[in-house]
Amino acid sequence: MPLHAARALWDPRPGWLNTASYGLPPRTAVAELHRVIGQWQRGDTDWTAWDAATGRARDAFARLVAAPAADIAVGATVSQALSALAAALPADAEVLAPEEEFTSNLFPWAVGARLRTVPLDRLADAVTARTRVVAFSLVQSADGRRAPIADVLTAARDHDALTVTDASQACGWLPVQATRFDVLTCAAYKWLMAPRGATYTYLSPRARDHMRPIAANWYAGSDPGGSYYGPPLRLAPDARAFDLSPAWFSQVGAAVTLQLLGRIGVAAVHEHDTALSARFHAGLGLAPTGGAIATATAGPAALRRLAEAGVRAAVRAGRIRVSFHLYTTEDDVDRAVAALTGHS
Ligand SMILES: Cc1ncc(COP(=O)(O)O)c(C=O)c1O
């Protein structure tokens, strides 16, 4: 589906520049959610009809990140997904991460192991023989910086460390190949535009060998329908062993948006989002970064002008953070630039 046609499915109020906080759903996802919530309200169906969305979403996510669906676990949040590895590490295992990292990819390691942090640009050089896991975001939440992936992967391979990446600020606009990493996790409520409550995690067979299914449950059973009652433990032989029983309505929304993204293609989204980002930077007299998240300094007057112009953005690490996705328009960008420069 061409991107320009797909864009007609969104109805944002002008000025939404905050997909890095949460993405907006297309009308098709909202309609599907209304439909199933009506079923819920009336008791029209059992839950298996809603659960079928989980399988569609898992498959669509697998295609999006070019990984086998059998290696994708379904969960609720990034921190929950990572805890199954963090909790299984020896208490003295070193986990190396950027110090700027979003804490859902820091706190689980700090609880389960020995966390060491360094600035993002020193991550690859800081891997040593003691490092068991290198954990980092593909795209930083606070400022959109991208990880030096090739260098980090090489350093991790040289020291036999597992690589764990949080792609929550990447999947959906940046082409991503999950199998380059041991673990790739992604919260779906940002660039994948799903309701909160769905997270998809690529777990390589190697990573699974190091993990503990600390939230083992009936849904992770080799036959979920035959796992309601009684022992023995009988978990799925693949990544499903790490599934959480799904938040149905989040999965219903995610199935629609992930399938739609697959039809549009991430390459087209990438082109659109980065062109808007380049327009933003050009408006401020700055060089383009090639990312879909941008930051700028903004004093109280600029913040007031942004609010008056109807721009909804975030303030992170003392700077204004704007983010551009497939429903963002040039007018959205120009409003922000005019407010930040004081030229209307
Ligand atoms: C990089 C990144 N990872 C994860 C999350 C959300 O984490 P969780 O799913 O644990 O709430 C965010 C939210 O802003 C984020 O920016």
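These legends walk through several close-up views of the structure above.

This is a predicted model, so local features need pLDDT of at least 70 and side-chain atom pairs count only at pLDDT 80 or more, while totals for chains, interfaces and linings use all residues. Residues are numbered from 1 along each chain as its sequence is written, and side-chain values use heavy atoms, with hydrogens and water left out.

**View 1. R208 pairs up with D71 in a salt bridge.** A salt bridge here is a side-chain nitrogen of Lys or Arg within 4 Å of a carboxyl oxygen of Asp or Glu. By that rule, the count is 14 salt bridges. In this one, the closest N and O atoms of R208 and D71 are 2.8 Å apart. R208 sits in helix 8 (residues 205–209), and D71 sits in the loop between helix 3 (48–64) and strand 1 (72–75), so to speak a link between distant parts of the chain, 137 residues apart. Helices (H or I, at least four residues) and strands (E, at least two) are DSSP runs, numbered from the N terminus. Are R208 and D71 buried or exposed? R208 is buried, and D71 is buried too. Buried means under 20% relative accessible area, exposed means over 50%, and partly exposed is in between (1.4 Å probe, protein chains only).

**View 2. R145 has salt bridges with E100 and with D143.** Side chains of opposite charge can pair when their charged atoms come close. For E100 and R145, the closest N and O atoms are 3.0 Å apart. E100 lies in the loop between strand 2 (94–98) and helix 5 (107–112), and R145 in the loop between strand 4 (131–137) and helix 7 (149–158), so this pair ties together parts that are 45 residues apart in sequence. The salt bridge between R145 and D143 has an N to O distance of 3.0 Å. How exposed are these residues? E100 is partly exposed at 29% relative accessible area, R145 is partly exposed at 33%, and D143 is partly exposed at 27%.

**View 3. E94, R116 and R130 team up in a network of salt bridges.** Look for the three side chains together in this view.

**View 4. Domain 1 meets domain 2.** Domain 1 covers 3–26 + 265–341 and domain 2 covers 46–263, with bounds that come from an automatic or database domain assignment. Their centres, taken over C-alpha atoms, are 27 Å apart. Domain 1 puts 29 residues into the contact and domain 2 puts in 22, where contact means heavy atoms within 4.5 Å. About 1900 Å² is buried between the domains, and carbon and sulfur atoms give 66% of that area. Buried area is the accessible area (1.4 Å probe) that two parts lose on being put together, summed over both. How many salt bridges are there between domain 1 and domain 2? The count is zero.

**View 5. Helix 10 gives the largest share of the side of domain 1 that touches domain 2: five residues.** The elements that give two or more residues to this side are helix 10 (266–283), strand 8 (293–296) and strand 10 (319–323).

**View 6. I214 touches S83, A84 and A87, leaving aside residues up to four places away in sequence.** I214 is in the loop between helix 8 and helix 9 (248–264). I214 is partly exposed, with a relative accessible area of 49%. The C-alpha atoms of I214 and S83 are separated by 8.0 Å, though the two residues are 131 residues apart along the chain.
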